[in-house]
Amino acid sequence: ATSLNFFGYAKKSADGQITRQNYVNAESALFSYALPDPTQDLTSADEQPDMLFAISPNRKQADGPVEMDFYHALSALQFSVGSVPGNLKIESVTFTNVYSSGNCTYTYARQGDALDFEWSFGAGDVRKEYKQTFAKNLFSDGNIPLDEDTAINTAEQTFMMIPQTIADDTRLI
């Protein structure tokens, strides 16, 4: 019986652009992806795309339904702040000079049935700035420092970014 290779992906929203997939071989595929243009403050993870991919290689009709385990291709970055001197308020968190587009090859790794993602960047890939409003007081209304175990970050304030090595001119503001 003839076997087929199944490659699947799902985006969280219509934002972000993914190219048509090119099938490299029975166990890998590659795609190009661009994050949405950061023209506005990304104040919530809900406003950002998430990318999920799956491969189910060498499936035959006799194998029954095709099961696909999806894996995240992007990285989720969250910020936490510990004790800080003074009466401070964090108003925003900004990344500058980070890649917003790139190419990815995802490969089925037989060990553990997971996917491996390898991102690469070329001359045509752009680097942009991404910002989120934070607006978190580090002190209570009576100017009393918050307890050290007080969480001042939330899951909603997450950057969904393309995994990359941070360059020398990348800044966190």
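This is a predicted model: local features need pLDDT of at least 70, side-chain atom pairs count only at pLDDT 80 or more; totals for chains, interfaces and linings use all residues.
User: Why is the contact between Asp169 and Arg127 called a salt bridge?
Analyst: The term requires a side-chain nitrogen of Lys or Arg within 4 Å of a carboxyl oxygen of Asp or Glu. The side chains of Asp169 and Arg127 meet at 2.6 Å, N to O, so the pair qualifies. Asp169 sits in the loop between β12 (158-161) and β13 (171-172), while Arg127 belongs to strand β11 (residues 127-137); the two are 42 residues apart. A search of the whole structure finds one salt bridge.

User: Why are Asp169 and Arg127 described as partly exposed?
Analyst: Buried means under 20% relative accessible area, exposed over 50%, and partly exposed in between (1.4 Å probe, protein chains only). Asp169 has 36% and Arg127 has 30%, so both count as partly exposed.

User: Why is Ser56 called buried?
Analyst: Its relative accessible area is 6%, which falls under the 20% limit, so Ser56 is buried. Ser56 lies in strand β5 (residues 51-60). Buried residues make up 32% of the 173 residues in the protein chain.

User: Which residues does Ser56 touch, and what makes them contacts?
Analyst: Contact means heavy atoms within 4.5 Å. Not counting residues up to four places away in sequence, Ser56 touches Leu4, Asn5, Phe6, Val66, Glu67 and Met68. The C-alpha atoms of Ser56 and Glu67 are separated by 7.1 Å, with the two residues eleven apart along the chain. The side chain of Ser56 also reaches the backbone oxygen of Glu67 at 3.4 Å.

User: How do you know that β9 pairs with β4 and with β10?
Analyst: Two strands pair if DSSP finds at least two bridges between them. Strand β4 (residues 28-34) and strand β9 (residues 101-109) have seven bridges in the antiparallel sense, with Leu30 opposite Thr105 in β9. Seven bridges also join β9 to strand β10 (residues 114-120), again antiparallel, and Asn103 stands opposite Ser120 in β10. Both counts meet the threshold, so β9 pairs with β4 and with β10.

Technical notes:
Residues are numbered from 1 along each chain as its sequence is written. Side-chain values use heavy atoms; hydrogens and water are left out. Helices (H or I, at least four residues) and strands (E, at least two) are DSSP runs, numbered from the N terminus. A polar contact is a pair of N or O atoms within 3.5 Å; within protein, one must be able to donate a hydrogen and the other to accept it, and residues adjacent in sequence count only if both atoms are side-chain atoms.
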